[in-house]
Amino acid sequence: MSDPSNPSNPTEARVRALRRWSENGLEETTLGVLFCLFCGIFLPGYFLPNGTFLGQHYATFSPYFLAACAVAMVLTLKKVRARFIYPRTGYVVFRPAASRIWIAVAGQGIAAAMALAVLHWRSSLPDLSRAWGPAAGLVFAACFFWGGITYRLPYFNWLAALSLLLGAATLAAGAGIGGAMWVMGGMGVTMAADGVLRMKRFLKRHPIVRDGQSLSEDHPHA
Amino acid sequence: MPELDRVIHEQARLAIVTLLATVEEADFLYLRQATELTKGNLSAHLARLEAAGYVEIEKAFRGKIPMTLARLTPEGLAALKTYRKEMTALLNLSKNASKGLRKRSRVAAVRPVAARPLAAPQRA
């Protein structure tokens with residue numbers, strides 16, 4: 001074993017395992033494509049004229065369209081993993097981290113509190129439409145910084161810096177509520193491109209292991 | 001003095017159990033790459049862990065590919081937790097012992113200087 005530094009620490013082992021797992025770029029590509037889909041589906045709603053049928057009903061149908069795309073993506077992801085990843089690095093299902101569940105619950109709580117606050121004070125609040133882009137950039141940056149520190153992935157810091165830059169650009173351009181979508185789209189394209197490059201490198205570096213699962217008398221578990 | 005679990009105390013088995021504690025399940029290939037053990041070694045250690053009831057082995061097929069899935073049992077997880085607790089207690093014991101040793105050696109180094117008699121006045 002090359003790294004027996006702290007094998008009894010499950011947190012350290014998990015971080016190491018996740019870093020190893022994120023080498024293939026598949027998660028990054030998936031998230032990037034999902035952001036692009038989100039942007040591609042919701043952004044046209046801001047440009048459609050209100051009087052038309054499409055303009056009136058687009059917002060109603062777009063979440064269903066996004067959900068259908070997400071289901072199709074999950075199915076594709078399963079097939080891609082089975083075909084390209086498992087034969088190379090093996091099959092593994094990670095346990096959901098307790099911190100992830102806690103963060104999800106806290107995030108939902110904050111979002112609900114903010115929504116309630118906006119609903120309650122909306123008459124006295126100034127126009128916040130310009131703040132959507134920078135706010136989305138800030139949220140993205142915070143998530144990337146957290147991921148970069150937790151999983152020790154330095155390139156996440158670049159993604160965080162890019163999301164801040166995109167947020168600032170939407171503010172300078174005077175984009176309204178659509179600014180958040182532009183930030184999401186920009187991040188989606190970057191992540192998808194980076195993920196594809198990472199995956200290409202991964203496939204080149206990791207050949208398919210043919211004897212990994214062969215059964216023999218000497219090694220009954222091999 | 002706590003007695004360490006010999007099954008887990010071995011380095012390779014400790015790595016396997018620790019890895020399995022972080023995942024729901026993993027196959028033989030993943031474990032082999034993550035621990036960097038040879039096929040034979042990993043197989044032998046898994047057999048030992050299975051015999052101790054710490055790991056559950058399941059032969060399965062993913063499409064046409066046969067795979068050996070390994071999962072940590074609740075007994076295995078409990079054993080790992082106990083091992084960590086006992087190891088931490090032992091390490092704390094050694095930490096305290098070395099602290100005491102350092103303190104004593106500091107006192108021993110200071111004492112002769114304090115006890116040294118004053119030099120006699122030199123004659124002109």
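Two strands count as paired if DSSP finds at least two bridges between them. Strands (E, at least two residues) and helices (H or I, at least four) are DSSP runs, numbered from the N terminus.

Some housekeeping. Residues are numbered from 1 along each chain as its sequence is written, while chains are lettered from A and ligands numbered from 1 in the order in which they are written. This is a predicted model, where local features need pLDDT of at least 70, side-chain atom pairs count only at pLDDT 80 or more, and totals for chains, interfaces and linings use all residues.

Start with the sheet. Strand β1 of chain A, residues 92-94, pairs with β1 of chain B, residues 23-27. The sense is antiparallel, over three bridges. Val93(A) sits opposite Glu25(B). Phe94(A) faces Val23(B).

Now the other pairing of β1(B). Its partner is β3(B), residues 65-72, antiparallel over two bridges. There, Asp27(B) has Leu69(B) as its bridge partner.

Four strands make an open, antiparallel sheet in the order β1(A)-β1(B)-β3(B)-β2(B). Which strands stand at the edges? They are β1 of chain A and β2 (55-62) of chain B; each has a single partner strand, so one side of each is left without a neighbour in the sheet. From one strand to the next, the twist averages 25°. Angles run from 0 to 180 degrees between N-to-C directions, and axes are lines fitted to C-alpha atoms, for helices over the stretch in contact.

Next, chain A's helices. Helix α6(A), residues 132-150, has 19 residues. First C-alpha to last, α6(A) reaches 27 Å, close to the 27 Å expected at 1.5 Å a residue; that expected span is 1.5 Å times one less than the number of residues.

Several α6(A) residues are buried, among them Trp132(A), Phe140(A) and Phe144(A). Buried means 20 or more other C-beta atoms within 10 Å of the residue's own, with C-beta atoms placed from the backbone; 12 or fewer is exposed, and in between is partly exposed. What covers the buried residues includes α7 (155-173) and α8 (178-205) of chain A. Contact means C-beta atoms, placed from the backbone, within 7 Å. Just after α6(A), Arg152(A) takes a positive phi of about 50°.

Last, α7(A) against α8(A). How far apart are their axes? The axes are 9 Å apart, and the helices pack at about 150°. The contact includes Leu159(A) and Leu166(A) from α7(A), and Trp182(A) and Met187(A) from α8(A).

Terms used: Two residues are in contact if their C-beta atoms, placed from the backbone, lie within 7 Å.
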